[in-house]
Amino acid sequence: MLETTAPPAMTLTIAGSEATGGAGAQADLKTFQELGTFGMIALTCIVSFNPKDEWNHRFVPVQTQVIEDQIEAIFGNYGPEVLDTVKLGMMGSPATISTVAAAIAARKPKNLVLDPVLICKGQEPGHAQDTDNALKAELLPLATFVTPNHFETEQLSGMKVETLQDLQAAAAEIHRLSGAAVLAKGGVRLAGSEAVDVFVDAEGIEVLSAPKIGEHAVSGAGCSLAAAVTAELAKGSSPREAARRAKEFVTAGISQRVQGNTPFDALWQGGLRG
Ligand code: PXL
């Protein structure tokens with residue numbers, strides 16, 4: 001007799017490719033798999049770091065029709081009752097944001113985790129500002145969970161963040177504006193020996209803290225954190241529990257980071273394997 005086990009929880013990321021495998025959809029898919037879910041990708045753009053130009057990001061958008069086609073294929077295969085948890089990563093342009101916002105609004109997944117990736121090294125500031133505005137106007141209202149980094153927390157809250165108290169106030173403001181659960185990342189950007197993140201939902205605020213591992217940001221940490229939240233929500237965790245587990249996943253992954261020729265190391269999603 002064939003042994004049958006319960007089917008895995010399903011997870012989708014709508015995100016960009018980062019070819020070296022540190023960040024983006026690659027980090028998301030590895031995280032989804034590592035945490036025991038069945039992962040899928042609808043690709044929004046392709047980023048290729050340029051070793052001949054200080055590792056700046058070469059950026060190519062995927063045509064909006066092709067983004068729609070991928071999402072149609074995915075939800076055609078697994079309806080919203082089966083696939084109820086979606087992560088949004090790098091969009092890269094206002095046109096992509098509008099396309100994804102319409103596709104998501106039509107399907108209304110129960111959990112929508114927004115990693116509000118605002119700027120990509122090498123993009124023009126004007127373009128980044130348009131993307132920032134579109135993200136705030138069109139995607140933030142749909143999100144049930146949002147994971148801004150230090151810079152994105154300042155942008156979304158309109159507040160300056162220099163201390164843990166500032167991070168708490170800004171995270172609470174983003175929660176107030178969006179209604180979403182917020183996991184605002186202090187990471188290595190706040191002074192002190194601890195890497196501190198702030199979680200806020202309707203039940204209140206919680207500071208998540210782990211000893212810093214070095215003083216440099218690690219590529220893929222933000223993507224993996226939001227993807228781990230996504231996987232845990234898909235498996236049925238509460239937002240608060242998902243935030244705690246995601247922090248553990250990322251801390252372990254940073255301690256097992258891999259080194260290449262880029263000036264930043266990459267998180268290894270297998271960190272909890274021991
Ligand atoms: O870490 C943000 C990020 C997200 N998505 C893609 C990226 C990056 C950073 O390089 O390339 C595709």
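**Exercise 1.** How many nonpolar, polar and charged residues are in the lining of the largest pocket?

*Solution.* The structure is a predicted model. Start with the lining as a whole: 49 residues line the largest pocket. Next, sort them by class: 24 are nonpolar, 14 polar and eleven charged. To place the centre, look for Asn149, Ala217, Val218, Gly220 and Gly222, the lining residues nearest to it. The space in this pocket comes to about 1,400 Å³.

**Exercise 2.** State where the ligand sits and which residues surround it.

*Solution.* First, locate the ligand: the space it takes is the largest pocket. Then list the shell, which consists of Gly16, Ser17, Glu18, Ala23, Gly24, Val47, Phe49, His57, Met90 and Cys223. The protein buries 81% of the 320 Å² that the ligand exposes when taken alone. Sorted by class, the shell holds five nonpolar, four polar and one charged residue.

**Exercise 3.** Which strand gives the largest share of the shell around the ligand?

*Solution.* Two strands, S1 (10-18) and S2 (38-50), each supply at least two shell residues. The largest share, three residues, comes from S1.

**Exercise 4.** Describe how S2 pairs with S3.

*Solution.* S3 spans residues 56-61, and its pairing with S2 is antiparallel, over six bridges.

**Exercise 5.** Characterise the second largest pocket.

*Solution.* Its space is about 230 Å³. The lining has 17 residues, with Thr20, Gly21, Gly22, Val258 and Ala266 nearest the centre. By class, six are nonpolar, eight polar and three charged.

Conventions:
Residues numbered from 1 in each chain as written. Predicted model: local features only at pLDDT ≥ 70, side-chain atom pairs only at ≥ 80, totals over all residues. Heavy atoms only, no water. Near = heavy atom within 4 Å. Areas by Shrake-Rupley, 256 points an atom, 1.4 Å probe, with all protein chains shown as cover. 1 Å grid on protein atoms, 1.4 Å probe; cavity = no way out; pocket = protein on both sides within 12 Å on 5 of 7 lines; lining within 4 Å. Sits in = over half its atoms within 2 Å of the grid points. Helix = DSSP H or I, 4+ residues; strand = E, 2+ residues; numbered from the N terminus. Nonpolar A, V, L, I, M, F, W, Y, C, P; charged D, E, K, R; others polar. Pairing = 2+ DSSP bridges. Points joined across faces, edges and corners; volume = space filled by probe spheres on them.
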